[in-house]
Amino acid sequence: MIRAMLVDDERLALVYLEQLLKELMDIEIIAALTDPVEAVQAAPELKPDVIFMDIDMPEMDGLTAAEIITDSCPDTNIVFVTAYNQFALEAFELHAMDYIVKPVQSRRLMKTVRRLEKKWSQLAEQTAMRENKAGCIRCFGMLQFEQEGHAAQPFRWRTTKTEELFCYLLHHRGSVVYKETLIDLFWPDTDPEKALAHLYTIIYHIRKTLKESHVDVQISRISGRVGYRLDLHQVALDVEEWENGIRNLGPVQPDHLEEHRRWVQEYSGDYFGDKGYAWAESERQRLRMMWLHHTVQVAGCYTETGMLPAALSLYQRIVQLQPYSEEGHLGMMQVYDKMGERSAVEGQFRIVREMLEGELGIGLSETTLNWLEQWKLRG
């Protein structure tokens, strides 16, 4: 059952909204308050799933109250219910789930209810999946294993080749990896019998390390002894969860920017980034470009809605992880321009030009040059 708090300085409006909600969904009204200050104080203790908040209220307006509540209760959804529509942009900048103009119509409220139920269902599924998972293997940046309630820890491999062979099996999880393939990759110039002995030894040490680390990952020998298959079973993989999370969110829109930003931040480094395995380069590049494309979209949406510090933070993250990303540098210049920081625009231009021309020997794109030309004309 979804737990809701209602906040409106008009008592009749509270009663009317409560009746409508109970008709439309299975909901528990845990508080119906006329004082927004009281709501701010009560929210951290009550932890409502959703707050239906009026905006125009005495002592403290709904936008201010929602901003304070969002800081103390980041998982609480905010739905603004107000007689004025001019606050819509500010509401979505606060990552409100919805914005309903009074008088509230049952049909319009139903749309909000359906969105809330869908989000609640997805959250419940994700929670159930996490609870059923026996930890998570992290491949972004450094290879680590994270158990519920504990910080991620690196594996203690016997040799670097042991670690790489495990990563190769993990990369091909669920599929048969033939012994000949492993020998050609890891012992190309070794006598076949010795190479096979090395392979058996390393598989033994991989299994031993997984057992000692309490990682429930199985490496099976395929019948006929032709190869091995790694199965994750109930162990999660950060790469899979990250990609599924982004795809399930759909297009980047102002009303769920914070969820997109959360998945952007989950990308803590390139796929097996600290190792640079050549066999992983294709997947590394695919995931990197997927992250870059998504992050540029999220940063652009922040820019369009006037949330310039958030946009700047994401563009800075882009150039930190992808220093030669011209899109990232151009985005920073555009944000600096909107902030009135002309010297910062000039400084960023010098940085990207020196990187591309000085280090890579390539010129700036037409997109960047055209924007700079227009920017100079405006100055």
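Pro-103 is placed in the loop between S5 and helix H5 (106-132), where helices (H or I, at least four residues) and strands (E, at least two) are DSSP runs numbered from the N terminus. The peptide bond that leads from Lys-102 to Pro-103 is cis, and its omega is near -5°.

This is a predicted model, in which local features need pLDDT of at least 70 and side-chain atom pairs count only at pLDDT 80 or more, while totals for chains, interfaces and linings use all residues. Residues are numbered from 1 along each chain as its sequence is written, and side-chain values use heavy atoms, with hydrogens and water left out.

## The five-stranded sheet

Strand S5 belongs to an open sheet of five strands, whose order is S2-S1-S3-S4-S5 and whose pairing is parallel; two strands are said to pair if DSSP finds at least two bridges between them. At the edges stand strand S2 (27-33) and strand S5 (98-101), each of which pairs on one side only. From one strand to the next the twist averages 20°, an angle taken between axes that are lines fitted to C-alpha atoms (for helices over the stretch in contact), with angles running from 0 to 180 degrees between N-to-C directions.

Six bridges join strand S1 (residues 2-7) to S2 in the parallel sense, and Leu-6 has Ala-32 in S2 as its bridge partner.

## The four-stranded sheet

A further open sheet has four strands in the order S8-S7-S6-S12, and here the pairing is mixed. Its edge strands, strand S8 (153-154) and strand S12 (236-237), each pair on one side only. Strands of a sheet pair through backbone hydrogen bonds, either parallel or antiparallel.

Just after H11, Gly-306 takes a positive phi of about 80°.

## Other salt bridges

The whole structure holds 15 salt bridges. One of them joins Arg-378 to Asp-337, with the closest N and O atoms 2.5 Å apart. Arg-378 lies in helix H15 (residues 366-378) and Asp-337 in helix H13 (residues 326-338), so this pair ties together parts that are 41 residues apart in sequence. Arg-378 is exposed, at a relative accessible area of 51%, whereas Asp-337 counts as partly exposed at 25%.

Another salt bridge is formed by Asp-231 and Arg-229, whose closest N and O atoms are 3.1 Å apart. Asp-231 is buried, its relative accessible area being 18%, while Arg-229 is partly exposed at 30%.

## Positive phi outside glycine

Glu-59 has a phi near 70°, a positive value in a residue other than glycine, and it lies in the loop between strand S3 (50-53) and helix H3 (62-72). At 76% relative accessibility, Glu-59 counts as exposed.

Phe-272 also has a positive phi, of about 50°, although it is not a glycine. Its place is in the loop between helix H10 (257-266) and H11, and with 1% relative accessibility Phe-272 counts as buried.

## A nonpolar surface patch

Val-176, Tyr-178 and Val-226 make a nonpolar surface patch of about 230 Å². Patches are made of residues with over 30% relative accessible area and no salt bridge, like charges being joined within 9 Å and nonpolar side chains (Val, Leu, Ile, Met, Phe, Trp, Tyr) within 5 Å; accessible areas come from the Shrake-Rupley method with a 1.4 Å probe, and for residues only the protein chains shown count as cover. Tyr-178 is in strand S9 (residues 177-178), and at 44% relative accessibility Tyr-178 counts as partly exposed.

Conventions:
Salt bridge = Lys/Arg side-chain N within 4 Å of Asp/Glu carboxyl O. Buried < 20%, exposed > 50% of the residue type's maximum accessible area, 1.4 Å probe, protein only.
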